[in-house]
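Here's a quick briefing to read with the structure open beside you.

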Amino acid sequence: MSTPKVLELDRADIRRARSHAARLGKPVVAMATSHTTVSVERATLRLAGLSGADHERVPWVNHLVDAVRDQVGIEHGVTTPVWDALRRDEAPDLLTLAQKASAGAVTFQIPEQKGEATRARRAAMAAVRPGIRRIDRQRAARDKQIARLGDPKQRPWIYLIVATGDIYEDIPQAQAAAREGADIIAVIRSTGQSLLDYVPEGATREGFAGTYATQENFRLMRAALDEVGKELGRYIRLVNYASGLCMPEIATLAGLERLDMMLNDSMYGILFRDINPIRTFVDQRFSRQIHARAGIIINTGEDNYLTTADAVDAAHTVTVSQLMNEYFGKEAGLEDWQLGLGHAFEINPDLPDSFRMELAHALLARHLFPNAPLKWMPPTKHMTGDIFKGYLLDGFFNLAGAMTGQSILLVGMMTEAVVTPFLSDRDLALQNVRYVLNSAGGLVEDFHPPRDGFIQTRARHVLGEAIALMDEMSTRPPTRGWSPLLEAIADGTFGHMKRPADQGKGLEGVARKADDYDNPATTLLEEGK
């Protein structure tokens with residue numbers, strides 16, 4: 001990807017910024033590795049092949065994990081008591097065990113004899129390994145298709161949202177969008193799904209401002225995009241959301257069904273969905289380990305900060321979050337090419353020099369993360385309903401993306417803040433993108449802000465503020481006994497949202513690991529087997 005190195009940032013400042021991110025991140029990783037959650041345990045059972053739901057549409061993985069938690073807790077991991085029960089002939093197979101457990105007809109235990117525990121763990125490992133192998137095969141299938149069909153030649157990749165609520169309506173719209181030039185199709189989730197502590201089953205036809213993320217919906221859309229990709233002669237990528245209370249499970253299903261990108265931000269669920277911080281950091285680490293194995297590109301959510309905070313005053317918090325997402329992502333095994341760090345065109349257009357500041361912020365992200373596929377987000381906060389002004393503003397957004405070498409460009413809609421976009425709106429928006437990229441796509445090679453001019457000075461200022469904030473976070477006296485990052489989140493440092501670590505949705509689903517905790521999925525992911 002083209003990487004404009006035109007800001008002349010101090011390399012010592014960049015090293016200092018990453019050092020601060022590591023200092024803030026290490027205690028959080030330690031916390032994440034010492035805890036588990038109900039969703040991590042459910043994801044592990046999904047890797048072992050457990051799927052489906054009862055007549056009330058409650059997934060069997062929920063029934064089984066809840067039964068284990070009620071009897072022996074989840075701090076030992078659920079796989080040891082589950083496969084111990086199977087070895088004791090409580091049921092002939094995993095599905096039947098879950099069904100009997102839902103009726104209270106199974107007794108779970110933590111084997112006291114070492115040999116019994118070892119045999120249960122070996123059986124669990126043998127059951128989970130095929131799920132990991134399926135993820136490996138799906139990654140290989142993606143690589144094979146890309147090699148045969150080819151990737152889009154131009155950058156940035158054009159990213160378009162399609163989500164009607166009905167997966168069978170989404171499919172033709174997604175295929176039409178690909179034919180009109182979209183490289184990436186994102187199926188946004190139904191409003192509120194992130195707060196469901198279960199993953200719905202099957203194909204869904206009713207959603208609200210989005211379509212439910214389910215394994216069957218993933219499968220159907222993946223097959224549809226493969227079909228249109230063959231027609232067009234290029235691989236079309238599929239995106240969904242690995243966030244919320246079921247983040248690990250959705251990440252797992254995405255790996256099993258060959259999704260290519262997943263929205264997965266380390267703090268989004270905390271700040272904007274009030275999900276407990278500990279639950280979120282534990283779940284996101286497991287999710288990113290799955291993404292690393294599956295070859296999935298994550299998209300982070302820094303753009304959301306600028307919808308609740310001022311895009312000028314809070315620009316440095318975006319940089320801090322990008323650095324934290326980079327640290328957490330790499331610690332979990334993601335490579336640079338998988339770090340779709342987010343940023344956005346959200347400065348009030350009425351401000352003097354607003355476009356110059358947008359260029360400075362975009363160049364700063366591109367310079368700090370030269371090998372990351374940055375995701376450039378269009379204006380939303382200042383879209384007023386004036387579709388003509390909105391279309392012009394989206395054109396400026398597209399131009400900024402072309403000039404600064406962005407990697408993934410989410411198509412802005414002139415009807416943002418008016419209606420859910422129609423197909424005709426998407427077609428006009430894609431025309432806007434194509435015109436700008438065709439006429440100005442090479443500006444990244446020519447655009448060199450003057451030394452010590454407005455753009456260089458603004459970028460350095462934002463980086464300096466980011467370093468100062470991380471330094472202050474690292475040295476701030478703890479008032480609650482939490483790690484510095486958790487303290488900062490509780491104080492409302494990001495997006496003006498105060499989220500204490502002892503509150504929030506999903507806290508009851510977190511457990512500190514016992515000394516004999518075992519999870520074959522994390523073992524396989526961490527050992528690369």
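Let's start with Tyr305, which in this predicted model is buried, with a relative accessible area of 0%.

**Tyr305 and Phe272**
- By the rule used here, the count of aromatic pairs comes to 10.
- Phe272 belongs to helix α10 (residues 268-273) and Tyr305 to helix α12 (residues 305-308), so the pair ties together parts that lie 33 residues apart in sequence.
- Is Phe272 buried or exposed? Its relative accessibility is 16%, so Phe272 counts as buried, given that buried means under 20%.

- Phe345 and Phe397 go the edge-to-face way, because their ring centres are 6.0 Å apart and their planes stand at 75°, with over 60 as the cut-off.
- This pair also links distant parts of the chain: Phe345 is in the loop between β8 and α14 (354-368), while Phe397 is in helix α15 (residues 387-403), 52 residues apart.
- Phe345 counts as buried at 5% relative accessibility, and Phe397 is buried as well, with a relative accessible area of 0%.
- Which residues do ring pairs link into a cluster? Look for Phe345, Phe355, Trp376, Phe396 and Phe397.

**Charges over rings**
- Arg155 lies over the face of Trp157, 4.0 Å from the ring centre.
- Over at Phe454, the charged end of Arg356 sits above the ring, at 4.2 Å from its centre.

**The sheet**
- Nine strands make up an open sheet with parallel pairing, and the order to trace is β7-β6-β5-β4-β3-β2-β10-β9-β8.
- Which strands are at the edges? They're β7 (339-340) and β8 (342-344), each pairing on one side only.
- Strands β5 (residues 261-263) and β6 (residues 297-299) run parallel and are joined by three bridges.

Terms used:
Residues numbered from 1 in each chain as written. Predicted model: local features only at pLDDT ≥ 70, side-chain atom pairs only at ≥ 80, totals over all residues. Heavy atoms only, no water. Pairing = 2+ DSSP bridges. Helix = DSSP H or I, 4+ residues; strand = E, 2+ residues; numbered from the N terminus. Phe/Tyr/Trp six-rings, centres within 6.5 Å; stacked < 30°, edge-to-face > 60°. Buried < 20%, exposed > 50% of the residue type's maximum accessible area, 1.4 Å probe, protein only. Lys NZ or Arg CZ within 6 Å of the ring centre and 35° of its normal.
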